[in-house]
Amino acid sequence: MPRMFWGNGMEQQEQFNFSGLQLSAVKEMSNIGLGHAATALSDMTGRSFNMSVPNIESVPVAQLSELMGGPESTALAVYMPFEGDVFGYIAFLFPWQSAANLWEMLLGTAPDDPSLVGDMEASAMLEVGNIINSNFLNAISDMTDLKMHATPPAFAVEMTQAILSAIVSEAEEHDAVALAVETQIFDESSSTSGYFLCIPSTEGLQLMFSKLGISEAA
């Protein structure tokens with residue numbers, strides 16, 4: 001079941017409680033962003049892709065590594081800082097097998113292990129991650145009427161714990177909150193899943209909910 005994860009750092013997991021309205025707003029923003037991302041991905045590849053977030057719930061972000069296959073499992077991340085009225089960081093994370101499934105869908109082949117990831121595979125993943133992250137960010141910006149601009153993405157293939165520690169440590173340094181939404185990507189014959197991670201500052205997240213008129217439970 002797709003979930004929304006949350007937490008203020010890896011250890012402090014009880015500081016931010018989302019109301020039902022706030023969870024619904026995050027799901028709505030996610031669905032709009034994914035719809036735009038699916039259209040952009042289909043235009044880029046000339047094939048039909050769809051993306052979805054069927055359900056959403058909140059759980060501690062510390063549990064994300066387990067759902068990614070465990071802290072020592074291999075994962076891929078496309079990571080982008082953003083700035084504007086709200087600053088923070090966004091990333092799309094794929095467990096290794098999910099990344100391999102996505103490469104099969106996009107390229108018709110996939111490397112057998114992380115040491116064989118070449119320029120073509122990295123470029124394809126950067127492009128997909130950039131499309132998903134940018135469209136998520138645009139959906140949030142459009143719904144809240146806040147200006148947010150992503151910077152060029154970075155790509156990493158590391159152990160899940162190393163990637164999450166690097167990303168979530170930014171939340172700790174900047175008093176930010178990590179939001180993660182499990183996302184499914186599918187075409188006519190195949191599917192795969194990953195996790196969109198958004199880390200706005202706590203002040204920025206409250207501003208976003210305030211713009212939507214649902215800040216009271218944050």
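**Notes on strand 8 and its neighbours**

1. Let's start with strand 2 and strand 8: they run antiparallel and are joined by 3 bridges. One facing couple here is Met51 and Ile185, the latter in strand 8. Helices (H or I, at least four residues) and strands (E, at least two) are DSSP runs, numbered from the N terminus.

2. A word on what you're looking at. This is a predicted model, in which local features need pLDDT of at least 70 and side-chain atom pairs count only at pLDDT 80 or more, while totals for chains, interfaces and linings use all residues. Residues are numbered from 1 along each chain as its sequence is written, and side-chain values use heavy atoms, with hydrogens and water left out.

3. Overall, the protein has 6 helices and 9 strands. Of its 218 residues, 51% count as buried; buried means under 20% relative accessible area, exposed over 50%, and partly exposed in between (1.4 Å probe, protein chains only). Take the contacts (heavy atoms within 4.5 Å) between residues at least 6 apart in sequence: 73% of them join residues at least 24 apart.

4. Back to strand 8, which also pairs with strand 9, antiparallel, over 8 bridges. The two make a hairpin with 4 residues between them.

5. Which side chains make the salt bridge? Asp187 and Arg47 do, at 2.7 Å, N to O. The pair ties together parts 140 residues apart in sequence, because Asp187 lies in the loop between strand 8 (178–186) and strand 9 (191–200), while Arg47 is in the loop between helix 1 (20–45) and strand 2 (50–52). The structure holds 1 salt bridge, the criterion being a side-chain nitrogen of Lys or Arg within 4 Å of a carboxyl oxygen of Asp or Glu. Asp187 counts as buried because its relative accessibility is 13%, whereas Arg47, at 35%, counts as partly exposed.

6. Next, helix 3 (residues 96–107). Its 12 residues reach 16 Å from first C-alpha to last, close to the 16 Å expected at 1.5 Å a residue; the expected span is 1.5 Å times one less than the number of residues. Buried residues of helix 3 include Trp96, Leu102, Trp103 and Leu106. What covers the buried residues of helix 3 includes helix 1, strand 4 (74–84), strand 5 (88–95), helix 4 (119–144), strand 8 and strand 9. Just after helix 3, Gly108 takes a positive phi of about 80 degrees.

7. Last one: Leu64, found in helix 2 (residues 64–67). Is Leu64 buried or exposed? It counts as buried, since its relative accessibility is 0%. Leu64 and Tyr195 are 131 residues apart in sequence, yet 8.8 Å apart in space, C-alpha to C-alpha.

How values were computed. Pairing = 2+ DSSP bridges.
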